[in-house]
Amino acid sequence: MSHQLVIVLDFGGQYNQLIARRVRECGVYCEVLPYTTPLSELKRRSPIGIIFTGGPDSVYLEDAPHYDPAVFQLGIPILGICYGCQLMAHTLGGRVTEAQNDSAREYGKTVTYYDTSCKLFHALPQQSISWMSHGDYMAQVPEGFALVAHSDACPNVAIADESRGFYGVQFHPEVNHTENGVEMIRNFLYQVCGAAGDWNMGDFCKRTVAQLREQIGPEGRVLLGLSGGVDSSVLAALLAEAVGDRLTCVFVDHGLMRLNEGDEVEQAFSKWNVNFVRVNAEERFLSHLAKVRDPERKRKIIGREFGLVFVDEAMRFGITKQDFFAQGTIYPDVVESGMGGQSAKIKTHHNKALPKKLLRQFKGVLEPMSYLFKDEVRQLGRELGLPEYLISRQPFPGPGLGVRILGSITKEKADILRQADFIYRDEIAKAGLDSQISQYFAVLTDSYSVGVMGDSRTYAYVLALRAVTTDDFMTADWARIPFEVLDRASRRIVNQVRGVNRVVYDVTSKPPATVEWE
């Protein structure tokens, strides 16, 4: 490897890949490995630094994940975050216990005080907000460690043994809620590990294209499941760079697209020098989704039917078991589906529910962007020369309106939501807010409310509007849209969309909610 490497050891937290993303933001190449990775493999890779992640376990329990203590004898700087901090303390002779009172447990935004003589907090404010999420407590820190940060409730928010390059923090510097968190990670990389900053998205692009060419081979072909969204569009460009006209892009119109979206996708990709195929499968999908109310079943049905359509198209084009299937999976899809290390499953994304028949049809599945976040995918698109209108498109989930219609799905409901969603997006664009909000859309709830129109009683659907701001879609805040914009959208929807008589606005952040409602 021609560039320096930092390894993130995954102990099962929700934000583990986000740590890697922050490291890459700082210009240092990073890989996430499970905590079961042998010490010999770490030595072979020669990292300049190691980061222990957070996790849901308590380090003092017998079945909690641990790591070979010899890692502390390698002479490599180590940063422990949350569980990783407690693991460091526990392994090196400290004592970690369950918090004995509520004040010692800390969750959410917490005022924190830092010793700025410590390299980790070099040139940072002495007081700022950190994002805490721990119910355990370091009752005794290991010998040789100093206390370098505290809060009003906790005297040992951060510990450091600077002579050995070991640092531990009980908060999460990788999330946006921690002020100066990225600068803390940057300090660990450059002040402690001596990073040179020799990695960027251009390097990832070149390396990935070369890897794809080698994996696919000189004769292999690729069928890409194309939604027309940012992720699959960027992947189409990446694969086109790798294999040229041996790429076939299959766009499945499942009847759950936004208003006019199928035609827009077809028009956009007709200008590309790729094999583009549009499959109209509305009846197929809606018939399988009829009377299905459970969101997990919906996602799995949609994933299965997508896969079976791709199998049909592969057979039609003579694509064989020597060829590959590709999809635009990115990291939030992986971690929410419970496939990122030990992370808990939040919901199954359609592209993580592929049928076995599809897997048997192809030599393998290509997901070269599965370690990237949305903003990194956009950076990759710019490296590949994609037009900005494609790169900056509003994210749209593969299941489409299927996860924005609560309860059972029908064509009537889809048509109602299509119209309402179009009006909402139109008002956001007219207000000039479309570039300021990360994602915005309408949700057709499964609730009815009483209304009055023209002096008559109505009993119709409640429609919810959702808008969030985020960098990575792992955490998100609800967007503060001006009331007059919401007012215009609400009045237009109620007046123009039959079947809706009430509009509400979702003011819930992620966590505790997810961006989508299902």
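The structure is a predicted model.

**Helix 12**

Begin by selecting residues 374-383, which make up helix 12. This helix is mostly covered, with seven of its ten residues buried. To display the buried positions, select Lys-374, Asp-375, Glu-376, Val-377, Arg-378, Leu-380 and Gly-381.

The structure contains 34 salt bridges, and the following stops show some of them. Select Glu-427 and Arg-492, whose side chains form a salt bridge with an N to O distance of 2.9 Å. Glu-427 belongs to helix 14 (residues 411-430) and Arg-492 to helix 15 (residues 483-496), so this pair ties together parts of the chain that are 65 residues apart in sequence. Both Glu-427 and Arg-492 are buried. Now extend the selection to Asp-426, Lys-430 and Arg-488: together with Glu-427 and Arg-492, these residues are joined into one network by salt bridges that share partners.

**Helices 8 and 9**

Proceed to Arg-284 and Asp-312, a salt bridge in which the closest N and O atoms are 3.3 Å apart. Arg-284 is in helix 8 (residues 282-289) and Asp-312 in helix 9 (residues 295-316), so far as 28 residues apart, and the pair links distant parts of the chain. Arg-284 is partly exposed, with a relative accessible area of 28%, and Asp-312 is likewise partly exposed, at 35%.

Select Arg-304 and Glu-305 next. Their side chains meet in a salt bridge, with 2.9 Å from N to O. Are these two partners buried or exposed? Glu-305 is buried, with a relative accessible area of 2%, whereas Arg-304 counts as partly exposed at 33%.

**A positive surface patch**

For the last stop, select Lys-321, Lys-356, Lys-357 and Arg-360, which form a positive surface patch. Arg-360 lies in helix 11 (residues 356-361). Its relative accessible area is 53%, and Arg-360 is therefore classed as exposed, the cut-off being over 50%.

Notes:
Residues numbered from 1 in each chain as written. Predicted model: local features only at pLDDT ≥ 70, side-chain atom pairs only at ≥ 80, totals over all residues. Heavy atoms only, no water. Patch = residues over 30% accessible without salt bridge, like charges linked within 9 Å, V, L, I, M, F, W, Y side chains within 5 Å. Areas by Shrake-Rupley, 256 points an atom, 1.4 Å probe, with all protein chains shown as cover. Salt bridge = Lys/Arg side-chain N within 4 Å of Asp/Glu carboxyl O. Lys, Arg positive; Asp, Glu negative; His and termini not counted. Charge placed at Lys NZ, Arg CZ, Asp CG, Glu CD. Helix = DSSP H or I, 4+ residues; strand = E, 2+ residues; numbered from the N terminus. Buried < 20%, exposed > 50% of the residue type's maximum accessible area, 1.4 Å probe, protein only.
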